[in-house]
Amino acid sequence: MDRILLKDIFYLQRSSEEEGLWGYDLLIEGNRVAKIDKNIDFRPGETDRVIDCSRHVVVPGFVNTHHHFYQTLTRNIPAVQNAELFDWLVYLYEVWKHIGDESVYYSSLMAMGELLKTGCTTSTDHHYLYPQGFQGDLMGLQFKAAETLGMRFSPTRGSMSLSKKDGGLPPDTVVQTEEEILRDSERVIQRYHDGGEFSMRKVVLAPCSPFSVTEELMKESVQLARRYGVRLHTHVAETFDENDFCLEVYGRRPLKLMEDTGFIGEDTFYAHGIHFNDDELKVLAETGTHIAHCPSSNMRLGSGICRVAEMLPMEINVALAVDGSASNDSSDMLGELRNALLLQRVKYGAAALGTRDVFRMASENGAKLLGYRKIGKLEKGYAADMAIFDVHKLEYTGALSDPLAALIFSGYNHGTDYTIVNGRLAVEHGRLTGFPEEELVEKGNQIARDLLSRV
Ligand code: ZN
């Protein structure tokens, strides 16, 4: 069993509740945390490692709870830099309909690479776009990318079935029939899903949104997911346009539609959740439904401010997410914590959220949302998933009276020095260990150029 000793840690945060520890060691055995103590007696064997952490803050690895990896290839496109959600989508569907195997694989590497380098160790992804003629094993390509980089991965099998001709938003060329969707959803669960405590592969089912699937598909997805014990995910209450659409097409607000289809509960998480009224917040609390909060995307698209500071005291589980890269436009996980903290203060004042609150959202709450009981904290027996930041740098100088908060209040380079996932180094000296970054940059830019040139 390989072991890694983190030696003489400048500041170790084990969980959001506990006090930070100064000058401790942390021992990893296999894929778990084995011991946290001062001066651990350790005689390294040939495959063991000792990492000097005397300059570093060590925190539980972050959990990203909503993303669209393929969008890393279409970030920052001038035509929609200033558009709101529906206009932004209508333009981008025309680009996205050209994605294929190569774009899925490389965009997954790009997004996960950025996530790992900014402290994220577990991510989901919401891939809902299956262009006509796409024959490959899309989720298989994503798992291959996750394995290459060493990321813990819980992707969702997304779907769209309601195209323009049926009154939906997406064009006909990017939707599938409901039979195709359900067949492939069952296939990926059977083929890839591992429900274990330290699972590196957890499948989720995720019809895209109320304006791109039918009520029937939502119901069928709920039944299928519950039959296999996998989680459910979708976008809910992101914009006023979505409210209007649901009232017009379904005669109900989005959350009522979710309730009526059974798409709600402790096994369900919604992306965004901005425009809920007071009664709807109570429904979320009562049902134990989780929220994946995406502050950067919400600001970027001008969608609004999620009521996080009201949700947390109601014990609604709110986790954090960078969202797709065409609306962020980065997978900077540590940056997302900063934006979450600051955005709530715009609406609710300076005491709205503290740094420990956003750390909890990014780690423990994210783990809970995805149904992991042994990640999100650094305690004996927990998964060895952690982010290690060097804080002895100019940008943190003078901020070390509270080293954990320094990561959020100060700093501008959000890169880790080391990121460890499941007991293995996925980032070392600030570089990905699983894939050459120069090659990824070159290849990613080439695919992005090709994609745009086809529009
Ligand atoms: Zn999204």
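Modeller: Donors here are N, O and S atoms within 2.8 Å of the metal (3.2 Å for Na, K and Ca), and because water is not among the atoms, sites may look incomplete. The model is predicted, so local features need pLDDT of at least 70 and side-chain atom pairs count only at pLDDT 80 or more, while totals for chains, interfaces and linings use all residues. Residues are numbered from 1 along each chain as its sequence is written, and side-chain values use heavy atoms, with hydrogens and water left out.

The zinc ion has as its protein donors H66 (NE2), H68 (NE2), H235 (NE2) and D323 (OD), at 2.1 to 2.8 Å.

Along the chain, the donors of the zinc ion are spaced as H-x1-H-x166-H-x87-D. H66 lies in the loop between β7 (62-64) and α1 (85-96), whereas D323 lies in the loop between β14 (318-320) and α11 (333-348), so that this pair, 257 residues apart, links distant parts of the chain. The strands and helices named here are DSSP runs, of at least two residues (E) and at least four residues (H or I) respectively, numbered from the N terminus.

H66 counts as buried because its relative accessibility is 0%, the cut-off for buried being under 20% relative accessible area with a 1.4 Å probe and protein chains only. D323 is also buried, with a relative accessible area of 3%.

Conventions:
Buried means under 20% relative accessible area, exposed over 50%, partly exposed in between (1.4 Å probe, protein chains only).
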